[in-house]
Each structure stands twice: as C-alpha cells, then as structure tokens.
Amino acid sequence: MHILVEGEVSSVTYHNSGHVYFSIKDKESSIKCVMFRSNASRLKFRLERGQHVVVNGSISVYTPRGEYQLMTVSVEPFGQGALALAYEQLKEKLQAKGYFSPEHKKTQPKYIKKLALVTASKSAALQDMLKIIDKRWRLLEVVVIDTLVQGDRSAPQIAEALTYADTLGCDAIVVGRGGGSKEDLWAFNEEVVADAIFNLNTFVVSAVGHEVDVQISDFVADLRAPTPSAAMEMILPDQNEILYTLSEMQNRYARTLKQIISNKEHQLEALSGELQRQSISRKLRMMEKEFENVEEEFKRVMQYRLSQWNAQIDPLVGELKAHILHSLNLKKQQLHTLEQKIELYNPKHKQKEGWAEVTLGGKQIKLESINENDTFSLTDTTTKLEVRCIHKQNVL
C-alpha cells in the first residue's frame with residue numbers, strides 16, 4: 001500500500017550502487033527512506049538537506065535492526081514541480097562552473113558557408129529552417145544531423161550529435177526543436193547536453209521551443225534564438241539586403257571613382273601646367289625671349305649712345321682732320337727740307353758741283369784727316385787722281 005509523506009530532508013546519501021538513502025522529519029518525529037537505483041534514475045532533481053518534499057512509497061521494516069523505513073517510489077518538491085527544481089539546481093551548478101560566462105561565448109561568424117542542423121530529420125522545425133535558408137541565403141552548405149529531441153534517450157543522443165557536428169568543419173551549429181511541453185523539451189535541460197555545448201569549438205545556437213521557453217541549453221550556447229526559424233534569421237544574412245547593399249555600394253563606388261577621376265584630372269592639369277612652367281624647353285624659350293628683349297634693349301641703348309657719340313664725334317673728327325692736315329703739312333715741309341738736304345749730299349749733284357771722293361790707303365776719309373806729305377786719291381765719276389799734300393790749312 002502506497003502512502004504520501006510530507007517532511008523536510010534531514011540527511012541524504014547517494015550510494016555508489018545508485019541507491020539513495022535519506023531521512024525526512026517534521027517537528028515531532030523522523031523516518032528513514034530508501035530509494036533503489038531503478039527509481040532513483042528517474043528522479044529529476046537532486047535531493048539535498050533542508051528541502052521540503054512529498055515522498056511516495058510504502059512502509060517496510062528493516063529486519064536486522066527492526067526499524068521502520070519508507071520504500072520510496074518517487075519524490076516531489078512540496079509546492080514546486082520536480083522539473084522546476086531540477087532546472088534551478090542545474091542552472092545554479094552550471095553558473096557556478098562558469099558555463100554562462102560571457103568570456104566563454106564565441107563570436108558569431110558574419111557569413112556562414114557551412115551550417116550543421118542538429119534536430120529531428122522529420123520535424124516541422126527542420127522544414128521551417130530550410131525554408132528560411134532558401135529564402136535568405138542560398139550560398140550555404142547545410143548538414144542535417146538527425147537525433148531524438150525528446151524522451152529519456154534523447155539527451156545523450158543530442159550530446160553525441162553535437163560532438164559529431166563539431167568535427168565537420170562547420171561555421172556554426174544550430175541545435176533545437178519546435179515547441180512542446182516542459183517534459184517534451186526537458187532533454188535540453190540535461191547536464192550532458194550542457195556539457196556537450198560548452199565543450200564545442202564551433203559557434204553554436206540553441207533554438208528550442210517558443211520564445212517563452214527558456215532552456216539550460218540557451219544559457220550555455222553562444223547565442224539563444226526564440227525559435228528555430230528565428231535562429232536562421234539571426235545568423236544568416238538576407239540576400240535581398242545584401243544585393244541592395246551591393247547595389248548601393250556599386251553606386252557609391254561609381255560616384256567615388258568618378259569624383260576621384262575628376263580630382264585626378266584637375267591635379268593632372270595643375271601638374272601639367274606646372275610641368276610646362278618648369279620644363280627646360282619653356283625655360284629655354286623664356287631665356288631666348290629674355291635674350292631677345294635684352295638684345296633689343298642693347299640695340300636701342302647702343303643706338304641711343306651711338307647717336308650721342310656721333311654728335312660728339314663729328315666735331316672731334318673735324319678737329320682730328322684739321323690736326324692730321326696740319327701734321328701732314330708739317331711732315332711735307334720736313335720731307336721737302338730733307339729732300340733738299342739729300343739732294344745736296346747726292347754724289348751726282350756733288351760731281352756736278354766739283355766734288356770728289358777722298359781715299360787713303362783704300363779707305364774713304366775726310367780732308368781734315370790728311371796730314372802734310374800724305375799721298376791720297378781724289379775720284380769722281382770720270383777721273384782718279386793721286387795727290388800729295390804739300391800744305392794743309394783749316395778753312396773754319
């Protein structure tokens with residue numbers, strides 16, 4: 001006969017065999033309880049001291065000691081469901097281990113090329129996700145990993161499927177299912193699933209149930225999506241938006257390129273003008289022009305100065321000519337005088353006048369060199385005389 005007993009857990013022992021031994025009490029008495037492994041494996045939460053519980057079981061006697069004990073079939077938290085308590089217990093445990101810490105969250109990839117979907121292959125949730133993928137982003141390789149998503153055996157299968165998906169080189173993993181009761185979704189509140197998600201090297205999204213359903217997997221995953229369809233919209237870009245963005249970028253690029261080309265043309269024109277201003281040929285032309293200007297200025301100055309000099313030279317030329325004529329007249333007079341002297345000393349002239357050449361010992365001498373009794377020669381053009389000096393007398 002089964003009975004329900006309400007009390008506070010005063011002690012509890014989890015044995016290696018899988019059995020659970022505990023005691024419950026109230027203000028007046030206590031009773032020992034035992035829950036064998038087959039029943040303990042279905043216990044959703046962990047018994048702890050101080051919990052207010054309702055125990056379902058039957059009274060038996062422990063013969064070696066003669067003690068009454070309660071053979072426990074199930075235990076429920078008083079005023080609270082077992083699943084709710086188990087949820088809070090696991091949440092506190094994993095939070096203490098750092099499973100929910102932001103520093104453990106991986107960065108969401110901007111563009112996903114390969115995506116793994118861990119869910120039931122025949123579920124409506126999978127079809128919804130595939131429809132969103134086809135609508136939003138077709139440039140995607142999708143790998144569907146079939147797994148149970150509810151029931152007692154689903155949690156280990158989900159953990160195994162996640163571990164396998166992590167080896168496929170995907171950019172992201174989405175694990176989830178559609179809506180259901182708390183019991184239907186319970187696999188995603190199991191510690192084995194939380195451990196698998198935390199140990200993944202791939203970015204993972206938890207997309208379980210509806211928006212009001214919050215599972216342990218949502219806290220551990222890198223991103224929580226309210227529904228599987230929402231997960232696709234959150235991690236995949238909208239191809240229409242991308243096309244619009246690309247079109248806008250193309251237009252902006254064209255405008256920018258046009259502006260750059262226009263600026264470069266202006267710069268090129270400025271540089272071309274500067275090059276022309278700084279070019280050797282232009283400088284040579286400028287120098288040639290300057291030289292021509294200088295030459296013209298030189299000619300103009302020279303013409304001006306020559307006109308001034310001509311005005312000054314004409315009187316000087318007249319004076320020079322008069323001076324030259326005067327000098328010439330003087331020289332003519334001197335020449336005439338010299339010609340007369342030469343004529344006087346001309347031998348032919350002297351011959352005509354009775355002059356003769358005096359020589360002594362074959363040498364021409366003057367008469368003043370002859371002494372008395374010297375014999376000398378007198379020679380003119382026709383006659384030579386040998387003469388002896390009888391008497392010498394100075395005329396002057």
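User: Which residue stands opposite lysine 363 of strand 12?
Analyst: In this predicted model, leucine 360 is the residue opposite lysine 363 in strand 12.

User: What do strand 11 and strand 12 form, and what sits in the turn?
Analyst: They form a hairpin with two residues between the strands. Glycine 361 in the turn has a positive phi of about 65°. The pairing of strand 11 with strand 12 (residues 363-364) is antiparallel and consists of two bridges.

User: Which sense does the pairing of strand 11 and strand 13 have, parallel or antiparallel?
Analyst: Strand 11 (residues 357-360) pairs with strand 13 (residues 375-379) in the antiparallel sense, over three bridges. Within strand 13, serine 377 stands opposite threonine 359.

User: Changing topic to the barrel: what is the strand order?
Analyst: The barrel is closed by five strands in the order 1-2-3-5-4, with mixed pairing. On average, and with direction ignored, neighbouring strands of this sheet are turned by 55° against each other.

User: How many bridges join strand 4 to strand 5?
Analyst: Strand 4 (residues 52-62) and strand 5 (residues 67-77) run antiparallel and are joined by 10 bridges. Serine 60, for instance, has glutamine 69 in strand 5 as its bridge partner.

User: And the open sheet, what is its order?
Analyst: The order of this sheet of five strands is 7-6-8-9-10, and the pairing is parallel. Its edge strands are strand 7 (141-146) and strand 10 (223-224), each of which pairs on one side only.

User: Which bridges does strand 6 make to strand 7, and which to strand 8?
Analyst: Strand 6 is joined to strand 7 by six bridges, and the two run parallel. Leucine 115 stands opposite valine 142 of strand 7. With strand 8 (residues 172-177), strand 6 (residues 114-119) pairs over four bridges, also in the parallel sense. There, alanine 116 has isoleucine 173 in strand 8 as its bridge partner.

User: What is the handedness of the unit made by strand 6, helix 3 and strand 7, right or left?
Analyst: Strand 6, helix 3 (residues 124-136) and strand 7 make a β-α-β unit that is right-handed.

User: Which strands does helix 7 lie across?
Analyst: Helix 7 (residues 228-235) lies across strand 6, strand 8, strand 9 (203-208) and strand 10. Relative to strand 9, helix 7 runs at about 145°.

User: How many cavities of 30 Å³ or more does the structure hold?
Analyst: The structure holds one cavity of 30 Å³ or more. The largest cavity contains about 50 Å³ of space.

User: Which residues line the largest cavity?
Analyst: The lining is made of Tyr99, His104, Lys106, Ile197, Phe198, Val204, Val220 and Asp222. Five of the lining residues of the largest cavity are nonpolar, one is polar and two are charged.

Terms used:
Residues are numbered from 1 along each chain as its sequence is written. This is a predicted model: local features need pLDDT of at least 70, side-chain atom pairs count only at pLDDT 80 or more; totals for chains, interfaces and linings use all residues. Side-chain values use heavy atoms; hydrogens and water are left out. Two strands pair if DSSP finds at least two bridges between them. Contact means heavy atoms within 4.5 Å. Axes are lines fitted to C-alpha atoms, for helices over the stretch in contact, and angles run from 0 to 180 degrees between N-to-C directions. A crossover is right-handed if, with the strands pointing away from the viewer, the path from the first strand over the helix to the second runs clockwise. On a 1 Å grid over the protein atoms alone, a cavity is a set of points where a 1.4 Å probe fits but cannot get out, and a pocket is an open set with protein on both sides within 12 Å along at least five of seven lines; lining residues have an atom within 4 Å of a point. Grid points are joined across faces, edges and corners, and a volume is the space filled by probe spheres set on the points. Ala, Val, Leu, Ile, Met, Phe, Trp, Tyr, Cys and Pro count as nonpolar, Asp, Glu, Lys and Arg as charged, and the others, Gly among them, as polar.
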